[in-house]
Amino acid sequence: EAGGAGTAEARAAAAGSALESLAADDRLLNRRSELQDRLHRQKSVRREASFAHATLEQVAQVLDNGRPSNAADLWALTVDLLNRISREIRDGATSDWRQYWNVDKDNKAVTPKPENGCRDALLSDLRRELTPLGIDGVREGSYKDDKRADIRLSVPGVNIPIEIKRSCHRDWWSSIKTQLIAKYTCDPGTDGYGIYLVFWFGETEGCGREPASGRKPKSPDDIRQALLGALNNRERQKISVCVIDVSKPEA
């Protein structure tokens, strides 16, 4: 049986490699979307086949606010934390939205900070909450083919990538597929889970680029709906969309 299982896994790996080669073949460009979808489905089946349920001890640890025992736990914990941080940034008494802007001598917001500056500010908030739980958070986390996610959260054997874009970025609506899903959530340690995060700077000049639909977003919810609309039902089960409103408050 062990030999048979190994053979089956080898066949699955070979099939995956074949699909990857076909999807990368420019001669099949008109079928690339179909091939990528089949590749994603094949990887999902392999992940589900190798899924190991948490032990009773691991479950008890998580219920006691301990370190997550699998990717689903880490993903859910991070999504909840990001929602709390998002509310604090937008509505907290310390006006944390301002740390995502370059300011003038009077501390007035002038222009959005570069993406890396926004990432570092968020990572600092995440580390404050996650480090005591034994969760490591690093910027430029490494994935296959030397690709790097903006933030990589991990515990031994498990990791969650967070890909970040400003609403100013020309590809904010497409990178959820071309980067997060295609390059990061295929890592075995993610079990297919990932987080796509956009900082909404309002309708500032140079921000809020149009999605594929051609409709320019007018609010954080417009960004969120455009991104969710780009995902199929299977992807929505494991890919979370978070839009953090760091726009200047109305006068």
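This is a predicted model: local features need pLDDT of at least 70, side-chain atom pairs count only at pLDDT 80 or more; totals for chains, interfaces and linings use all residues.

Student: What makes Cys118 buried?

Tutor: Its relative accessibility is 0%. The cut-off is under 20%, so Cys118 counts as buried.

Student: How do you know that Cys118 is in no disulfide?

Tutor: A disulfide needs two cysteine sulfur atoms within 2.5 Å. For Cys118, the nearest cysteine sulfur belongs to Cys168 and is 8.2 Å away. Cys118 is therefore in no disulfide. The count for the model is zero.

Student: Why are S3 and S7 called edge strands?

Tutor: Take the sheet order: S3-S4-S5-S6-S7, five strands, open, with mixed pairing. S3 (136-142) and S7 (239-245) each have a single partner strand, so one side of each lacks a neighbour in the sheet. From one strand to the next, the twist averages 25°.

Student: What makes S6 and S7 a pair?

Tutor: Pairing takes at least two bridges. S6 (residues 194-200) and S7 are joined by seven and run parallel. They therefore pair. Val198 stands opposite Val243 in S7.

Student: Which helices pack on the sheet, and at what angles?

Tutor: Helix H6 (residues 175-184) touches S4, S5, S6 and S7, and its direction makes about 160° with that of S5. Helix H5 (residues 115-130) lies across S3, S4, S5, S6 and S7, at about 150° to S3.

Methods: Residues are numbered from 1 along each chain as its sequence is written. Side-chain values use heavy atoms; hydrogens and water are left out. Helices (H or I, at least four residues) and strands (E, at least two) are DSSP runs, numbered from the N terminus. Axes are lines fitted to C-alpha atoms, for helices over the stretch in contact, and angles run from 0 to 180 degrees between N-to-C directions. Contact means heavy atoms within 4.5 Å. Buried means under 20% relative accessible area, exposed over 50%, partly exposed in between (1.4 Å probe, protein chains only).
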